[in-house]
Amino acid sequence: MRFISVIAIKEIRTYFASPMAYVVSAAFLAITGFFFVASVSDAFAEASIRGYLAGAIFFLIFMSPALTMRLLAEEQKLGTLELLLTSPLREFEIVFGKFIAAFVTTMVMVGLSLYFVVVLFVYGDPDIGPLLTGLFGLGMYAAATLAVGLFASSLSSNQIVGLVVGSGILTALTIIDFVSARLSGTAAQVLDAFQLGASFSVFDLDSFGVAEGGHFADFARGIISVTDIAYYSSITAVFLLLTVLVLEARRWR
Amino acid sequence: MIKIEHMSKSYGPYPAVIDISFEVLKGEIVGFLGPNGAGKTTTMRVVTGYTPPTEGDVTVGGYDVVSHSLDVRRHIGYLPETVPLYLDMTVMDYLSYMGEIRGMNKSWVKERLPKVIDMVKLGEYRNTLVGRLSKGYRQRVGISQAILHEPDVLVMDEPTIGIDPIQVVETRELISNLGEEHTMLLSSHILPEVSAICKRVLVINDGRIVADDKPDDLSEKLQHAERIEISVRGAEAPAFINAMRDISDVVDARSDQRASVVQRSEREDFLPFIVDARPNVQATETIAKTIINNGWGLTNLTPLPMTLEEIFLELTTEENLGE
C-alpha cells in the first residue's frame with residue numbers, strides 16, 4: 001500500500017507541475033461549460049446538470065486517454081520502467097498508483113466544474129437526487145475510461161499510440177449501438193450491454209442525450225442501479241488487470 | 001552473492017546468453033567485458049530480476065531471481081545502460097522518490113540522501129532539474145539512485161559510456177571507492193577500464209563466457225604473441241618472410257594486406273609485412289638485426305597494440321582450438 005501512495009503522489013505532482021493537467025482541465029471546463037449553458041439557458045429549461053453530464057462523458061472519451069497516455073508510455077521511453085521493475089515493487093502497485101493519480105487529477109478537474117451546481121442553486125431549484133447520482137455516475141465513468149487509457153498507455157513507448165488506442169476502444173464501446181441496431185436477438189442484447197454511455201445525440205441541442213440503453217442513462221435520471229455500477233467497475237477492473245498483465249509480459253520478452 | 005548456474009536466455013528464437021555459469025563472492029568487484037551484443041546487458045537484467053532466465057538457476061544473496069524476485073530486488077542497486085531519469089524532477093526529488101520506491105522510509109531517505117549527494121559531488125545541483133544536467137552529472141545521479149538504499153550488490157551496465165574523458169576518470173574513481181563496500185558486477189567494453197577497477201574479469205562473447213581471470217593474468221595470457229608492423233625496402237616478399245620465419249621467436253610472418261598500407265607502399269617503394277612474435281625484447285632486436293644484415297632498408301617497425309576485437313578473436317579461436 002505504501003508503494004501505491006508513493007507512486008500516486010509522485011504522479012499527481014508531475015501532473016500539476018506539467019501543462020497537461022491544466023490544458024486538459026481548461027478544455028474540459030470550456031466544453032462542459034458550453035453544454036451546461038446551452039442546456040439551461042432556454043426559457044423553461046430544466047434546472048439540472050444533464051447537459052453538463054452528457055457533454056462531460058462524451059468528451060472524456062478523448063480526455064481520459066489524453067491524461068493517461070503519458071503514464072506508462074513515458075516510463076518505457078525514458079527507460080525508467082526498467083528501474084521500477086527492478087525495484088521491490090509489484091506490477092499492480094505501479095498500475096494502481098498511476099491509476100489513482102489519474103483519477104484524483106480527473107476528480108480535481110470535475111471538482112472545478114462544480115460551480116455549475118452552485119449556479120443552479122442560486123438561480124433555480126434543482127432536484128438533488130439526479131444531481132448526486134449524476135456526479136457519482138460521472139466518477140464511475142471517469143474511472144472506467146481512465147483504466148482503458150492506462151491500458152493503452154502500457155502498450156508502447158509512444159504516447160500518441162496510447163491516446164489513439166485508448167480513444168479508439170472507448171469510441172468503439174460508445175458507438176456499439178450502431179452495430180447492435182443492425183442485429184437482433186441475443187447478439188444485439190449482448191452488444192447493448194456493453195454500451196459505454198455517451199451518445200452523439202449530445203450534439204442535439206434539444207435533448208443533450210446520453211445513450212438510451214447505455215449504462216449512464218439511469219445515473220443521469222437519478223437512479224442508481226447495481227448493473228451500471230457493476231459495468232463500470234468491471235471495465236475498470238478488467239483494464240487495470242490487463243495493464244498489469246502487459247507489464248508482466250514485458251519481463252518475458 | 002551472485003550465483004549463476006547454467007543460465008541461458010533467449011529472446012524468441014534468438015539466444016542472447018548460452019549456458020553461462022559463474023559466481024561473484026561477497027565483496028568482489030567483477031568486470032564483465034565483451035563487445036556490443038555479447039550478452040552483458042541480458043545477463044545483468046537477469047541478475048537484477050528484470051527478466052527471468054530461459055533456463056538455469058540464478059540466485060542473489062541466496063534468493064532465486066524468479067521465485068524470490070522481490071527479495072533479490074531489495075538487495076540490488078542497478079544502473080542500466082541508458083541512465084533512467086525523470087527529466088522533469090529535481091535531483092533531490094528524483095532521488096527521494098527512487099529511495100522510497102526501493103523501500104526506504106522517509107526518515108532513512110532524509111538521513112542518507114545528503115551523504116550520497118556528498119559522495120558523488122552533486123551538492124550544488126541538488127535543486128537542478130535532472131533534464132538540465134550534463135551527461136556526466138546525469139550519470140552521477142544514476143549512480144546515486146543505485147547506491148542510495150545501501151544495497152549489498154551493485155550492478156552497473158557500462159557506467160562510463162558516453163561521458164567526457166575527465167568525467168570518465170572521476171566516475172571510475174567513484175566506482176572504485178564504492179567497490180570497497182559493495183559486491184559489484186560492472187560491464188564494459190573497454191579493457192583498461194575493467195583492469196583499473198576490477199579484481200576479476202569475465203569475458204563474454206556471443207553469449208558465452210570465454211575467459212574468467214584476473215586482469216593482469218588475462219593480459220599476460222593474451223601477450224603470448226606480439227604483432228609487429230614492419231616495412232622494408234629492397235626485399236623480395238618470399239625471401240623476407242622466410243628470413244623472418246627462421247628466427248626462433250617469430251611465430252608467423254606475412255605480407256600486410258590492409259588496403260591503406262598497400263596503397264601507401266605502392267607510392268613510397270617499400271613492402272609492408274606483419275610479423276607475430278613472442279613478446280620479449282630479444283625478438284624485436286633479432287628481427288631488426290636480421291633485416292639490417294640482409295641489407296634491406298628498415299623503414300618502419302611498430303609493435304601493434306591488440307584491439308579489443310582481436311582479443312576476443314584470440315580468446316574465441318583459442319577456445320575452439322582447445323575443443
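Begin by selecting chain B, whose radius of gyration is 25 Å, whereas a compact globule of 323 residues would have one near 20 Å. The model on display is a predicted one. Turned along its principal axes, the C-alpha trace of chain B fills a box of roughly 80 × 45 × 35 Å.

Next, colour chain B by domain. The domain assignment places residues 2–221 in domain 1 and residues 224–322 in domain 2. How far apart do the C-alpha centres of the two domains of chain B lie? The separation is 41 Å.

Switch to a cartoon view of chain B, which shows 12 helices and 14 strands. Of the 323 residues in this chain, 38% are buried. Among the contacts of chain B that join residues at least 6 apart in sequence, 69% link residues at least 24 apart.

Now select β1, β2, β4 and β5 of chain B. These four strands form an open sheet in the order β2-β1-β4-β5, and the pairing is antiparallel. Which strands stand at the edges of the sheet? They are β2 (14–24) and β5 (63–64) of chain B; each has a single partner strand, so one side of each is left without a neighbour in the sheet.

Within that sheet, zoom in on β1 of chain B, residues 2–11, which is joined to β2(B) by seven bridges, the two strands running antiparallel. To see one opposing pair, select B:Ser10 and B:Pro15; the latter lies in β2(B), opposite B:Ser10.

Then display the interface between the chains. Here 22 residues of chain B are in contact with 20 residues of chain A. On the chain B side, the elements α2 (69–74), β6 (76–79) and α3 (91–101) each supply at least two of the residues that touch chain A. Colouring this side of chain B by residue class gives 12 nonpolar, five polar and five charged residues.

Finally, hide chain B and select chain A. What secondary structure does chain A contain? There are 12 helices and zero strands in chain A. The radius of gyration of chain A is 19 Å, close to the 18 Å that the globule rule gives for 253 residues, so chain A is as compact as a globular protein of that length.

Of the contacts in chain A with a separation of 6 or more, 72% are between residues 24 or more positions apart.

Note on methods. Residues numbered from 1 in each chain as written. Chains lettered and ligands numbered in written order. Predicted model: local features only at pLDDT ≥ 70, side-chain atom pairs only at ≥ 80, totals over all residues. Domains from an automatic or database assignment. Pairing = 2+ DSSP bridges. Rg over C-alpha atoms; globule rule 2.2 N^0.38 Å. Contact = placed C-beta atoms within 7 Å. Nonpolar A, V, L, I, M, F, W, Y, C, P; charged D, E, K, R; others polar. Buried ≥ 20, exposed ≤ 12 C-beta atoms within 10 Å, placed from the backbone.
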